[in-house]
Each structure stands twice: as structure tokens, then as C-alpha cells.
Amino acid sequence: MRREELVDLNAFLTVAEEGSFTRAAAKLGTSQSALSHTIRRLEAQVGVRLLTRTTRSLAPTEAGERLLATLKPALDSIGAELSSLGELREKPAGTIRITTAEHAANTVLWPALEKFLPDYPDIHVELSIDSGLTDIVTERFDAGVRLGEALAKDMIATRISPAVRMIVVGSPAYFEQRKIPLVPQDLSEHKCINQRLLSAGSLYAWELEKDGREVRVRVEGQLTFNNTNMIVRAAIAGFGLAFVMEDHVREQLADGSLVCVLEDWCPSFPGYHLYYPSRRQPSAAFALLVDALRYRDRGRA
């Protein structure tokens with residue numbers, strides 16, 4: 001059914017219920033002549049007269065009564081559904097699906113959700129852990145999380161974490177027999193623990209930077225994982241150097257089981273951002289969650 005047909009049917013229902021073109025036109029916010037034209041167009045389309053008109057009265061024909069019997073419940077049902085959808089904006093409810101990497105889920109999303117959800121029992125959140133760059137529109141996610149704010153066209157990015165940093169670490173035992181690397185080129189002389197990117201299937205090239213100079217290093221070693229926890233465990237055990245999020249190994253750095261090297265080649269960069277399509281009408285639940293996740297730099301004035 002075309003949109004124009006639905007408008008015409010609503011006009012017919014209003015005229016029949018009001019029993020007057022004058023009152024119906026006022027209710028619909030249109031002119032009597034425009035409304036009369038709409039009814040004639042509908043009658044021409046169905047091929048039968050729907051209303052009997054006299055100078056003093058207006059009533060549905062037999063065909064009109066049949067149409068009304070079907071039309072009124074259908075339009076009432078549509079109206080009720082529109083009202084219930086409107087209530088979703090007033091009463092935060094519904095399911096929000098987010099695709100995210102494991103690190104962001106653990107360090108950013110879950111701490112925020114743990115505080116947020118108890119206040120909104122009718123809001124449900126589904127987190128899909130995936131290190132790849134998921135197409136959130138195709139996969140029917142409400143939002144995704146990724147590092148940085150460079151996003152595809154028609155996406156909105158909301159920052160949800162402070163700046164982050166990837167660092168190179170190794171165990172003290174590993175360095176007992178090896179020199180500490182001072183520049184990225186020195187990594188070729190070291191055993192390194194590789195990370196397999198699930199989305200691309202390739203090995204992650206370590207991204208290092210100093211004074212505006214960017215270097216991508218392909219490292220080699222005995223071990224390759226697609227899980228950061230295993231990479232950290234292998235580094236602690238002395239199997240090689242690892243390139244991981246600094247906050248992922250904060251405890252190990254504090255207790256001395258890992259040490260950081262090449263620090264001057266590991267600058268911080270924009271943290272996690274929640275991204276979602278710009279052409280969407282956010283529900284009350286989604287708007288509240290975005291606000292709860294939004295990063296607020298307490299150090300700024």
C-alpha cells in the first residue's frame with residue numbers, strides 16, 4: 001500500500017465518523033474542497049461510491065460500511081502501536097546491541113553498565129565480543145566500539161574512554177640474556193609474540209611512533225595468539241616481547257613481572273569511541289546509555 005492510499009483511507013474514516021465534511025476537514029487540518037477531492041479519488045480507485053451525500057446529511061453506502069468494518073480496527077491498531085512506540089521514548093526500555101573488542105568490554109563498557117543497568121531494569125544490553133570491524137548496519141547492531149574517531153560516513157562517534165597507549169613489554173628473565181631494544185629496528189633481534197587479527201586473518205604489525213615518524217614492524221617469534229591474556233602470560237613466562245595495552249599489564253608492571261621498553265616510541269592516542277548511524281532516531285534507552293558511557297575529562301576546566 002502506498003502512503004497516499006493510507007492518507008485517503010484515514011480521510012474517509014474521519015469523514016464517516018464525523019458525519020460532516022466541515023468537521024472532518026477541521027479535524028484533519030485541511031480544506032473541505034481538498035477533502036472532497038480526496039474522497040472522490042478514493043471512490044474512483046475502488047470503483048464504487050463509499051458515501052451518500054445530500055444537502056443535509058452524509059452516510060456510508062453499503063460498500064462504505066464494509067470498508068469501515070475492516071478499516072477502523074486496522075487504523076486503531078496502527079494508532080495504538082504508534083502510541084506504544086512513543087512510550088518507549090518516555091519510559092526507557094528495549095534491547096541495545098553493541099559489538100566491541102574484549103578489552104573495551106572489560107575496561108570501559110562493563111564498569112559503566114554495572115552502574116547504569118540497576119537504575120533501568122527495562123533496558124537490556126547485548127554485548128558481542130569481536131575484535132574485527134563489524135558492519136553494524138548489516139549485522140543489525142545499534143552501535144559499535146572502536147579505537148580512535150576515524151569512522152565511516154554517516155556515523156556519529158562519541159568518546160567513551162581516556163587516551164590509551166600500546167607498549168612493548170618483556171619479563172626480566174627474558175632480558176637477562178638479551179640487550180634491551182632502543183629503536184624499532186632492534187626488534188628484529190628479539191623473539192616477539194605475535195597477535196592474529198580475527199577479522200583480517202593476518203598478523204598484527206606493531207605500530208610505533210616518535211616525533212611524528214610512524215613505523216610498522218612485522219615481528220617474529222615462536223608464538224602467535226588471538227587472545228591478549230595468552231600473549232601476556234607468554235611474555236611473563238619469558239617467551240618473548242609483547243605489544244599490548246598499557247592498562248592490561250598495569251599490575252605486572254607494578255610487581256616487576258614485566259618491564260616496559262621502547263617507551264619513547266609508544267605515545268598515547270585517542271581512546272575508545274562508541275559509533276552509530278547518524279540517520280537514526282534514538283530511543284530514550286539508547287540516549288541514556290550513550291550519555292552514561294560518554295567520557296568526561298575531569299581535568300578540563
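The structure is a predicted model, in which local features need pLDDT of at least 70 and side-chain atom pairs count only at pLDDT 80 or more, whereas totals for chains, interfaces and linings use all residues. Residues are numbered from 1 along each chain as its sequence is written, and side-chain values use heavy atoms, with hydrogens and water left out. The protein chain has nine helices and 14 strands; these are DSSP runs numbered from the N terminus, with helices being H or I of at least four residues and strands being E of at least two.

**Overall composition**

- Of the 301 residues in the protein chain, 37% are buried, where buried means under 20% relative accessible area, exposed means over 50%, and partly exposed lies in between (1.4 Å probe, protein chains only).
- Among contacts in the protein chain with a separation of 6 or more, 72% are accounted for by residues 24 or more positions apart; contact means heavy atoms within 4.5 Å.

**Helices α5 and α9**

- The axes of helix α5 (residues 102-116) and helix α9 (residues 284-293) come within 10 Å and cross at roughly 120°. Axes are lines fitted to C-alpha atoms, for helices over the stretch in contact, and angles run from 0 to 180 degrees between N-to-C directions.
- That angle makes α5 oblique to α9, since angles under 35 degrees count as roughly parallel, over 145 as roughly antiparallel, 65 to 115 as roughly perpendicular and the rest as oblique.
- The contact is formed by Leu 109, Ala 112, Leu 113 and Phe 116 of α5 together with Leu 288, Leu 289, Ala 292 and Leu 293 of α9.
- By class, this contact of α5 with α9 comprises eight nonpolar, no polar and no charged residues. In this classification Ala, Val, Leu, Ile, Met, Phe, Trp, Tyr, Cys and Pro are nonpolar, Asp, Glu, Lys and Arg are charged, and the others, Gly among them, are polar.

**Val 168 in strand β7**

- Val 168 lies in strand β7 (residues 166-170) and counts as buried because its relative accessibility is 0%.
- Not counting residues up to four places away in sequence, Val 168 touches Trp 206, Leu 208, Leu 241, Ala 242, Phe 243, Val 259, Cys 260, Val 261, Leu 262 and Cys 266.
- The C-alpha atoms of Val 168 and Pro 181 are separated by 9.8 Å, with the two residues 13 apart along the chain.

**Loop residues**

- Glu 246 occupies the loop between β12 (242-245) and α8 (250-255), and its relative accessibility of 26% makes it partly exposed.
- Leaving aside neighbours within four places in sequence, Glu 246 is in contact with Arg 165 and Ile 167.
- Arg 140, in the loop between β4 (123-129) and β5 (143-147), has a positive phi near 60° and is exposed, with a relative accessible area of 69%.
- Asp 211, in the loop between β9 (206-210) and β10 (213-217), has a positive phi near 50° and is exposed, with a relative accessible area of 77%.
- Most residues other than glycine have a negative phi.

**Cysteines**

- A search of the whole structure finds zero disulfides, a disulfide being a pair of cysteine sulfur atoms within 2.5 Å.
- Cys 266 is in no disulfide, and the nearest cysteine sulfur, that of Cys 260, is 5.7 Å away.
- Cys 266 counts as buried at 3% relative accessibility, and Cys 192 counts as buried at 1%.
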